[in-house]
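Subject: Structure for you to look at

Hi,

Here is the structure I promised to pass on. Please open it next to this email and follow along.

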Amino acid sequence: MTPSPATATSSYIAALEAFEKDGFNQDPGWTRALRKEAIARFSELGFPTARRGNEEWKYTDVGPIAQAPFRPPTAPGVAKLGASALKRFTFGERRWHRLVFVDGSFNQRLSFLSALPTGVKVLNLAEALKSRSTLVREHLAGHADYSNQAFTALNTAFVHDGAFVHVPDGAVVEEPIHILFLTTSREKDTVSHPRVLVVTGRHSKTTIIESYGGLTDARYLSNAVSEVVVGPGASVEHYRIQRHSEEAYHVGTTQAVLGRDGHFSSVTFDLGGALVRNNLNVLMGDEGSSCMLNGVYLVTRSQKIDNQVTIDHAKAHTTSRELYKGVLDGQSKAVFHGSIIVRRDAQKVDARQEDKNLLLSDQAEANIKPAFWIYADDVKCGHGAATGRLDESTLFYLRSRGLSEDDAQSLLVRGFVNEVIETISCDPLRAHIGDLVTATLQEL
Amino acid sequence: MTTANKEVNTIASQGYKYGFVTDIEADVAPRGLNEDTVRWISAKKSEPDFMLQWRLKAFRYWEKLLQGQETPSWANVHYPPIDYQNMIYYSAPKTKEKLESLDQVDPELLRTYEKLGIPLEEQKRLAGVAVDAIFDSVSIATTFREELAKHGIVFCPFSEALQEHPELVQKYLGSVVPYSDNFYAALNAAVFSDGSFCYIPKGVRCPLELTTYFRINTAETGQFERTLIIADEGSYVSYLEGCSAPMRDENQLHAAVVELITHDNAEIKYSTIQNWYPGNEEGKGGIYNFVTKRGKCQGKNSKISWTQVETGSAITWKYPSVILQGDNSVGEFYSVALTKGYQQADTGTKMTHIGKNTRSKIISKAISAGHGNNTYRGLVKVMPKADNARNFTQCDSLLIGDQCGAHTTPYVEVRNSTAQLEHEAFTSRVDEDMLFYCNQRGLSTEDAQSLIINGFCKEVFQKLPFEFAVEATRLLELNLEGAVG
């Protein structure tokens, strides 16, 4: 039985009323207006359905999310989280700046900020709403579309806390800023709406790592929205590591907006979750901007992963590169839907997109949809997609050199995804991700 | 940019040379569509009862879709809603008696086909091609009947097949494209008036290229023809269709259905040169070409190959597909689609791998000029039991001018780990370096461009029967003449 969209959304409307009453009404008036608008949009839109014609959700059914009565946790399990549990997610890095959010709330005790260059602000959003109100107001919900995207609307309706990073003109942040969202609540069906806002100035340089993880066996929903503003000539490296627990649902939307000659690079790793949907939208907002969007997804059992990557080449002389690789085992299902839009007059656009899938099991399913929408003529756009299994002769070669079947397979798969891992320019992170991927592959 | 605009203008202003109207008396159905129209058409054709019942079922299904406003809206084409009641569903040149031979065909009609470059008389003499010509709604003449009959091949108008081979029609009609397949297939099933029927018996290699030529003549008519080709075990046939229509300001609807069936070890090669009237340079008028084409490789080791050259129509909505059911069966799709002026094309293919060791290949070349918009839409689907399925897809687009659009939306759905699929697509304009190279070897820019475009399409043209490959090259050249500033 599928509840009607009205019943599915009404529990969130009720939750928002409680949330507003619950002491968050000291937020500035405009945020309350924003929430009201967003919840109104959400109740109009309802949860997306996979009905015919809804191309964006063609292969992913969010029925399980719409049907479960997700609500904010009553008692966030903060106290139980020790340093050792945390280490799994922080990689034991002591030098990285770190903001930790547990069950949706900022955790001061677990967070850590070393010396930052002058003017650079890294703080939680609830605090920024008070101290940096003008800047936050200018950008918050200004880029991620909540009027047409139901999950973004839902997140925006509950916007209160999250991470806020501001890097002024010319500033270079040497160490990565690690933003960690953890779910620990043992209650069934809790929801959190992580929010990230990154605003970078002219010629600045920033590395952001977003981590999502779960330390609970209970089912939960994590509905994240990140907005990244890349200033003129600025460079933002954005990494996203998703390691939710087995029962988790995750919807993550990232909207990047690039200024003139700005560069945005994004590398995402999806290893966890039962049902995961990532929307990565990049707006090439001015001439000379470029982006590199790479990703790896490793799924097994009945995991479902859906990556939607949209690059909007709104201006001329913009370049994009995209490489996604997936390894599918068990009865897992992966979706890759990459859209490249080249607007009229956006001449000299150079766009390449690639998606490759390795099927390790007969029950796994891959659905790929690379799409071009091109309205300018002087462009070079290419895409490639491939699906297959491990090459028999290569496996045989490794076996003949004495490797066990499992080892041979692991080695080949590791080599397959290594192409993406190699594109991580942050050295310690590359090493950590490499170890993480190897460990995950051994479990496959 | 100025040169580019000049290009656009010259391409857009290329004329359509098949746009004349033949003044001929016609027998037309009353305007509009209801159950009576369907009965009227069926009675006109003295059809067996199973046919009428099938048509009525289709009509009721279509009506339900229309009322539920379930007209297909997913394609990347834009047009005002079609008023299905303000259209004529049947128009036939008036004939006194059933035609015995080509000599009895109205000379006016024969002249029309000559103008179109299909001299039936001559082709009757020149060996190689057997033609079935369809004018508005009915089949006018089928040549080479006797020659084909010697081999046991049935090649005749659909209405005749219903009289002479009702058991074959009943067995296969709707087995690949059921009336409930989509909106236009349902409409076609309800009102289709004629088309070609072809049956190649076991082990026969059809000695001639079979050809059907379609022509829409009467104003405000829709043309709904249905083609059914059955290749029995071990047989082979190569089939070609061509089409054209007069220039009119109103849009005309063409909703055809083509069904192909191959049994064990059989092969069908189906080629189309589609040159319906594309509308004038402001995008007024032209044919809406909403066509459902699908082949089923039912038997083992069978093969179906689609080759299409799409240069006409205001809107093309067409996805020749192959269901690869038999083990080791092969599906192929080769396409060149050109849109200029305000033409819109949303075309591609669907390869459904069901049997083991099935292979498919898709080569699509799209050329957009003027304000044209060209979309490749394709699906490659590998079902769980299709072990060792193999697909290669390449869909390239060429852009001429900054007002046109080229879009690619391929879908790949894989449910078997032994499948190996590759997809490549590239979109760009004619490469400056190539043009420069040709220029410095003494070729004019126009010749160079033509050469490059021809090279771009070569892989597809090579798949056409020889005579038509020449025609297709000429057609493309004509359409792009003066495309350089």
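Is A:Val437 buried or exposed? Keep in mind that the model is predicted. Count the other C-beta atoms within 10 Å of A:Val437 and you get 21. The cut-off for a buried residue is 20 or more. So A:Val437 is buried.

Now find where A:Val437 sits. Look in helix 10 of chain A, which covers residues 427-443. Set aside residues up to four places away in sequence, and A:Val437 touches A:Arg414, A:Val417 and A:Ile421. Then check A:Phe269. A:Phe269 and A:Val437 are 168 residues apart along the chain. Their C-alpha atoms are separated by 8.9 Å.

Next, the domains. Chain A is assigned domain 1 (5-286) and domain 2 (390-444). The C-alpha centres of these two domains of chain A lie 31 Å apart. How many residues of domain 1 of chain A are in contact with domain 2 of chain A? There are 10, and they meet 10 residues of domain 2 of chain A. On the domain 1 side, strand 8 (205-214), strand 10 (235-243) and strand 12 (263-270) of chain A each give two or more residues. That side of domain 1 of chain A has 7 nonpolar residues, 1 polar and 2 charged.

On to the core. The largest nonpolar core has 238 residues. A:Val282 and A:Val342 have the most contacts inside this core. Domain 1 and domain 2 of chain A both give residues to the core, so it lies between them. What does A:Val342 contact, leaving aside neighbours within four places in sequence? The list is A:His313, A:Val349, A:Ile374, A:Tyr375, A:Ala376, A:Val379 and A:Cys381.

Last, the two chains. Here 33 residues of chain B are in contact with 32 residues of chain A. Which elements of chain B give two or more residues to the side that touches chain A? They are strand 22 (390-400), strand 23 (405-414) and strand 24 (420-429) of chain B. By class, that side of chain B has 14 nonpolar, 13 polar and 6 charged residues.

To see one pairing, find A:His383, which stands opposite B:Ala425 in strand 24 of chain B.

Best wishes

Key. Residues numbered from 1 in each chain as written. Chains lettered and ligands numbered in written order. Predicted model: local features only at pLDDT ≥ 70, side-chain atom pairs only at ≥ 80, totals over all residues. Helix = DSSP H or I, 4+ residues; strand = E, 2+ residues; numbered from the N terminus. Buried ≥ 20, exposed ≤ 12 C-beta atoms within 10 Å, placed from the backbone. Contact = placed C-beta atoms within 7 Å. Core = buried A, V, L, I, M, F, W, Y, C linked by C-beta atoms within 7 Å. Domains from an automatic or database assignment. Nonpolar A, V, L, I, M, F, W, Y, C, P; charged D, E, K, R; others polar. Pairing = 2+ DSSP bridges.
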